[in-house]
Amino acid sequence: MRPVARTTRRTSVDDDRPASANYHANALARGLALLELLSNGDEPLTLVDISESTGLPKSTLVRLLAVLAEMEYIVRVDERPSYRLGHKVLRLSNAYMSSLDLSVVADRYLAPLAVRTGQTANLGMLDGEQVIHVGVHEPDRPIRFRASPGVRDHGYCTGLGKMLLSRLPVDRLAEHVPPDPFTKFTDDTITTLDELARELRLIERRGYAFDDNERSVGLRCVAVPVEVDGECLAAVSVSGPSGEFGPDRQQFYLERLNETAAELAGDPDTAAAMRIVHSSLRPAR
């Protein structure tokens, strides 16, 4: 028998069950807990393994596992008996993934960010040499930065782009920018790889990126990373009129941005949607 990992206290499948749950709810909760248990292992689990891990009697487990097997959520693989997840679980997983529209699930966090700052809130990801806006929420005011999900821009001269570029290994930076000299959009645009590398080192140290009229005259943007399990999947920013990005306002924006980044990363739906989009983007050239 394959050994089962032990902890100081055996976890019961009833631990998360509401105290008021009736018999049928109890059976459902136990069945779902069994699916979670089977999902945690790389190999099928025997009835003995499952009993020792859950604390449930074998007679109870046999009934629950038989129902799950009949509904094709698990598969009995041998006579010990041992069980693994069935194909119906994949159907549920695919349905969950297909329902995750990143621009929609992220907007629940971008919308309040735009309201609190009065600036356009953006969620961006690096796609080759470009940054793509995967989520945008504009404030309700006549003078604002205009963008929409799907819009692309250069990485080297935008807040979102520079934030994402700063998280790349140094030896891969050149793969994500055009040959220099870069196109100059304003007098403040960075145009060489060496200058950009110095700027990115500064961004990495201070933890945020700032576009100071580099892409468009009169437009400023401040951006912070969105990290999930230590990986920078995206960046979130606010963009607006240059005159509204003085030192005090920048600090206020940064506080709101860091709060929003933590909320985006901490939401399982949003994190999953970001991973899906991130995996589909173009690699470096």
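Me: What share of the 285 residues of the chain counts as buried?
Reply: The share is 45% of the 285 residues, where buried means under 20% relative accessible area, exposed over 50%, and partly exposed in between (1.4 Å probe, protein chains only). This is a predicted model: local features need pLDDT of at least 70 and side-chain atom pairs count only at pLDDT 80 or more, while totals for chains, interfaces and linings use all residues. Residues are numbered from 1 along each chain as its sequence is written, and side-chain values use heavy atoms, with hydrogens and water left out.

Me: How much accessible surface does the chain have, and what part of it belongs to carbon and sulfur atoms?
Reply: The accessible surface comes to about 15200 Å², and 52% of it belongs to carbon and sulfur atoms. Such areas come from the Shrake-Rupley method with a 1.4 Å probe; for residues, only the protein chains shown count as cover.

Me: How many helices and strands does the chain have?
Reply: There are 9 helices and 9 strands. Both are DSSP runs numbered from the N terminus: helices are H or I with at least four residues, strands are E with at least two.

Me: Why is the pair of Tyr156 and Phe182 called tilted?
Reply: By the pairing rule there are 3 aromatic pairs. The ring centres of Tyr156 and Phe182 are 4.7 Å apart and the planes are at 40°, so this pair is tilted. The rule pairs rings of Phe, Tyr and Trp (its six-membered ring) if their centres lie within 6.5 Å; planes under 30 degrees apart are stacked, over 60 edge-to-face, and the rest tilted.

Me: What makes this pair a tie between parts 26 residues apart in sequence?
Reply: Tyr156 is in the loop between strand S6 (152-154) and helix H6 (159-165), and Phe182 is in the loop between H6 and helix H7 (193-206), so the pair ties those parts together. Tyr156 has a relative accessible area of 1% and is buried; Phe182, at 4%, is buried as well.

Me: Which residue lies over the face of Phe185?
Reply: Arg215 does, at 4.0 Å from the ring centre. Likewise, Lys88 lies over the face of Tyr73, at 5.2 Å from the ring centre. The rule asks for NZ of Lys or CZ of Arg within 6 Å of the ring centre and within 35 degrees of the ring normal.

Me: Which residues of H8 are buried, and what do they pack against?
Reply: The buried residues are Gln250, Tyr253, Leu254, Arg256, Leu257, Thr260, Ala261 and Leu264. Among the elements they pack against are helix H5 (102-117), strand S4 (120-127) and helix H9 (268-280). Tyr253 also forms one aromatic cluster with Phe245 and Phe252.

Me: Why is Gly124 called buried?
Reply: Gly124 has 0% relative accessibility, so it counts as buried. Gly124 lies in strand S4. Leaving aside neighbours within four places in sequence, its contacts include Val131, Ile132, Leu160 and Ala234, contact meaning heavy atoms within 4.5 Å.

Me: What makes S4 and strand S5 (residues 130-137) a pair?
Reply: Two strands pair if DSSP finds at least two bridges between them; S4 and S5 are joined by 7 and run antiparallel. Leu126 stands opposite Val131 in S5. The hairpin has 2 residues between the strands, and in it Gly128 takes a positive phi near 65°. S5 is also joined to S6 by 3 bridges, again antiparallel, with Arg152 in S6 as the bridge partner of Ile132.

Me: Why is S5 called mostly covered?
Reply: Of its 8 residues, 6 are buried.

Me: Why do strand S1 (45-46) and strand S2 (74-78) stand at the edges?
Reply: The open sheet has 3 strands in the order S1-S3-S2, with antiparallel pairing. S1 and S2 each have a single partner strand, so one side of each is left without a neighbour in the sheet. S1 is joined to strand S3 (residues 82-85) by 2 bridges, and S2 is joined to S3 by 4. Thr46 stands opposite Ser82 in S3, and Asp78 stands opposite Ser82 too.
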